[in-house]
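Please look over the sequence and the model before reading on, and keep both in view as you follow the paragraphs below.

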Amino acid sequence: MLQPCPWGKVKWDDDEVITIGQLAGYIGVSIKTVRVYHDKGLLPEPDRDASGYRRYGANDAVDLIKIRTLAEAGVPLARIRYLRAAGEEEFRQALGEIDGELDARIRSLQETQGRLRRLAAGRLVPLPGKVVAHLEDLARWGFTPRWVDLQRDLWILVFATHPDRATTLFHEQAEILADPTLRWLFLGYDHAHDLDADDPRLEDLARRIAEANRERYGPDERPGLDTGSEIPALIQSRVNASSPAWERLDSLIRAQLDA
């Protein structure tokens, strides 16, 4: 029978047996879960008594606690079955490995939590201070809030996906915008957002941008990400999707550069 332990818990007498429902309730799992463990060979299924019910003892409860603890740690059931048959030393070593895996998962979850908190605060990733200062310069130079927000999101994407190249690309961009003549072209690009896609001013702007590009780089390609990266196309597709005029401008610039 159930007897109170000195510290207020309960224990089974050695000969005490309980039903599968009681076992599941005491350990904090469902009856279905216990049956799954039976089917997977993790927990031996006891014989039925004279009434046709399966009865479980204290050893079954201890075994179920071990299985539940391993399962909650993310250990696959197949590995749990293997560990249940392992020797004491091998079992202890495996527990150490699982503990290390949990540490790694905890660190990963903490990093994810940090990203979620930055997202809630409006910061997907912490941009370098020089990028933040550059974004402030854009606003001071007359770029629209829409353009500043777009640039922030694009630099977030580049720094998150290509941290090895992001700084070089940023310095290149910052150098271009430090030139008042080239900055004027970018301002023209920004303010072209609300033009009609067939506005003739787009052709003139595209020509001047293409000429400035050739003058700066000559026959060489401008700095970019790895050849196999999809990020540049992803960035440009987002820019184009925000404005029919920007989409046509991109097409006109490409045509000018390919001519």
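## A walk through the helices

In this predicted model, helix 7 and helix 8 pack with their axes 6 Å apart and at an angle of about 145°. Two packed helices are described in just these terms, by the angle between their axes and the distance between the axes. On the side of helix 7, the residues that take part are Gln 151, Trp 155, Val 158, Phe 159, Ala 160 and Thr 161, and they meet Pro 163, Ala 166, Thr 167, Leu 169, Phe 170 and Gln 173 of helix 8. When the residues of this contact are sorted by kind, 8 are nonpolar, 4 are polar and none is charged.

The chain has 12 helices and 2 strands, and, read from the N terminus, its order of elements is β-β-α-α-α-α-α-α-α-α-α-α-α-α. Of its 259 residues, 33% count as buried. Among contacts between residues at least 6 apart in sequence, 60% join residues that are at least 24 apart.

Helix 8 can now be taken by itself. At 1.5 Å a residue, its 16 residues should span 22 Å, and the C-alpha atoms at its ends are 23 Å apart, which agrees. Its buried residues are Ala 166, Leu 169, Phe 170, Glu 172, Gln 173, Ile 176 and Leu 177. Seen down the axis of helix 8, these buried residues fall within an arc of 165°, so they line one face of the helix.

Which residues touch the most other members of the largest nonpolar core? They are Trp 155 and Tyr 189, in a core of 36 residues. The elements that give two or more residues to this core are helix 6 (129–140), helix 7 (145–161), helix 8 (163–178), helix 9 (180–191), helix 10 (201–217), helix 11 (231–241) and helix 12 (244–258). The largest share, 8 residues, comes from helix 7. If neighbours within four places in sequence are left aside, Trp 155 is in contact with Leu 127, Val 131, Ala 166, Leu 169, Phe 170 and Gln 173. Apart from this core lies another, of 21 residues, among them Ile 18, Ile 27, Ala 61 and Ile 98.

Two loop residues complete the tour. Not counting residues up to four places away in sequence, Ala 192 touches Leu 202, Leu 205, Ser 243, Ala 245 and Trp 246. The C-alpha atoms of Ala 192 and Pro 244 are separated by 9.8 Å, although the two residues are 52 residues apart along the chain.

Pro 44 is found in the loop between helix 2 (31–39) and helix 3 (58–72), and at 53% relative accessibility Pro 44 counts as exposed, because exposed means over 50%. Setting aside residues up to four places away in sequence, Pro 44 touches His 38 and Arg 84. Between the C-alpha atoms of Pro 44 and Asp 60, which are 16 residues apart along the chain, the separation is 8.1 Å.

Conventions
Residues numbered from 1 in each chain as written. Predicted model: local features only at pLDDT ≥ 70, side-chain atom pairs only at ≥ 80, totals over all residues. Heavy atoms only, no water. Core = buried A, V, L, I, M, F, W, Y, C linked by side-chain atoms within 4.5 Å. Buried < 20%, exposed > 50% of the residue type's maximum accessible area, 1.4 Å probe, protein only. Helix = DSSP H or I, 4+ residues; strand = E, 2+ residues; numbered from the N terminus. Contact = heavy atoms within 4.5 Å. Axes fitted to C-alpha atoms, helices over the stretch in contact; angles between N-to-C directions. Nonpolar A, V, L, I, M, F, W, Y, C, P; charged D, E, K, R; others polar. Expected span 1.5 Å × (residues − 1). Arc of directions from axis to C-beta.
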